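Hi everyone, thanks for having me. I'd like to walk you through one protein today, so let me get it up on the screen.

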Amino acid sequence: MSYGTSVSSRLMLMGLAIFVGSQLWGLDLVRDGKGLVPIVVPADATAVAKAAAKELAHHIELASGVVLKTVSEEAIPGGEEGIYIGPTAAASELGLLVPGDEPNAFVIKLVGNRLFLLGDDTDGQPFWILHNNRTRVGTLFAVYEFLEQHLAARWIWPGATGEIVPRRETIQVERWDQVGRPAMVHTRWRDGPGGGVEGWADPAERSRFINDQARWLRRHRFALGRNLDVRHSFAYYWDKYGASHPEYFNQ
């Protein structure tokens with residue numbers, strides 16, 4: 001074999017290795033403005049998994065203009081490429097597990113031509129979180145992690161005008177293997193609009209704002225992961241001790 005032939009062979013082998021590697025480690029979600037994979041949800045998807053799929057599709061559309069279809073896992077062949085949301089059968093078969101002792105923890109993992117986003121979920125209202133909603137939404141948090149880290153999504157205030165997602169023609173995932181959790185296990189937001197209609201000219205606008213705010217808080221990882229509530233323990237102490245022990249209130 002001549003030196004030139006040897007070099008050509010090496011280059012061909014390098015090219016083949018790069019191609020095989022890209023097939024093993026890369027997944028094109030959108031290329032040149034065309035959607036290439038579905039979003040796959042469990043056959044018995046919870047409200048949290050459905051919400052996570054919608055949030056993912058919404059932001060991919062903002063980024064690329066492409067609407068990825070969402071399908072039930074039972075409607076596609078096993079092993080089909082796609083973005084698998086929540087506790088799918090495919091995730092279970094691969095042994096993808098969310099940490100059991102971490103509220104709202106999540107897993108993001110690319111396995112061949114399938115991207116998995118799943119988390120610690122319970123069946124409940126995915127967005128309404130202002131007062132005592134303890135639904136766990138780890139799959140939503142997996143989606144938000146992906147959107148922040150991969151699409152540079154930002155949510156600067158509630159509502160559509162606060163959604164910032166840079167435009168791109170191609171969205172590809174090359175490698176991802178992450179177990180994550182919220183920075184804080186208990187995050188709570190107290191405000192006034194939920195208490196009444198005072199100050200609102202239009203009740204419909206009040207309702208829209210509250211719903212937009214709830215979604216915005218989830219995007220910033222608000223969740224009551226563990227019960228760290230404190231009650232109004234001292235609300236009546238003045239009535240009980242104000243006269244007999246005024247010094248309590250000087251501390």
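This is a predicted model: local features need pLDDT of at least 70, side-chain atom pairs count only at pLDDT 80 or more; totals for chains, interfaces and linings use all residues.

The mean pLDDT of the protein is 87, and 86% of its residues reach 70 or more. Residues 1-5 are another story: pLDDT there is below 50, and the stretch has 2 contacts in the model beyond near neighbours in sequence. Residues 13-24 also stay under 50, with 3 contacts beyond four places in sequence.

Now the helices. How do you describe two packed helices? You give the angle between their axes and the distance between the axes. Here, look at helix 2, residues 47-64, and helix 4, residues 138-151: their axes come within 8 Å and cross at roughly 15 degrees. Angles under 35 degrees count as roughly parallel, so helix 2 is roughly parallel to helix 4. The crossing of the two is right-handed. On the helix 2 side, the contact includes Val48, Leu56 and Ile60, and helix 4 brings Leu140, Val143 and Phe146, among others. Sort the residues of that contact and you get 12 nonpolar, 2 polar and 1 charged.

Last stop: Ile108, which sits in strand 6, residues 106-111. Is Ile108 buried or exposed? Its relative accessibility is 0%, so Ile108 counts as buried. Leaving out residues up to four places away in sequence, Ile108 touches several others, including Leu115, Phe116, Ala142 and Trp176.

Note on methods:
Residues are numbered from 1 along each chain as its sequence is written. Side-chain values use heavy atoms; hydrogens and water are left out. Axes are lines fitted to C-alpha atoms, for helices over the stretch in contact, and angles run from 0 to 180 degrees between N-to-C directions. Helices (H or I, at least four residues) and strands (E, at least two) are DSSP runs, numbered from the N terminus. Angles under 35 degrees count as roughly parallel, over 145 as roughly antiparallel, 65 to 115 as roughly perpendicular and the rest as oblique. A crossing is left-handed if the near helix is turned anticlockwise from the far one by less than a right angle, and right-handed if clockwise. Contact means heavy atoms within 4.5 Å. Ala, Val, Leu, Ile, Met, Phe, Trp, Tyr, Cys and Pro count as nonpolar, Asp, Glu, Lys and Arg as charged, and the others, Gly among them, as polar. Buried means under 20% relative accessible area, exposed over 50%, partly exposed in between (1.4 Å probe, protein chains only). pLDDT is the predictor's confidence in each residue, from 0 to 100.
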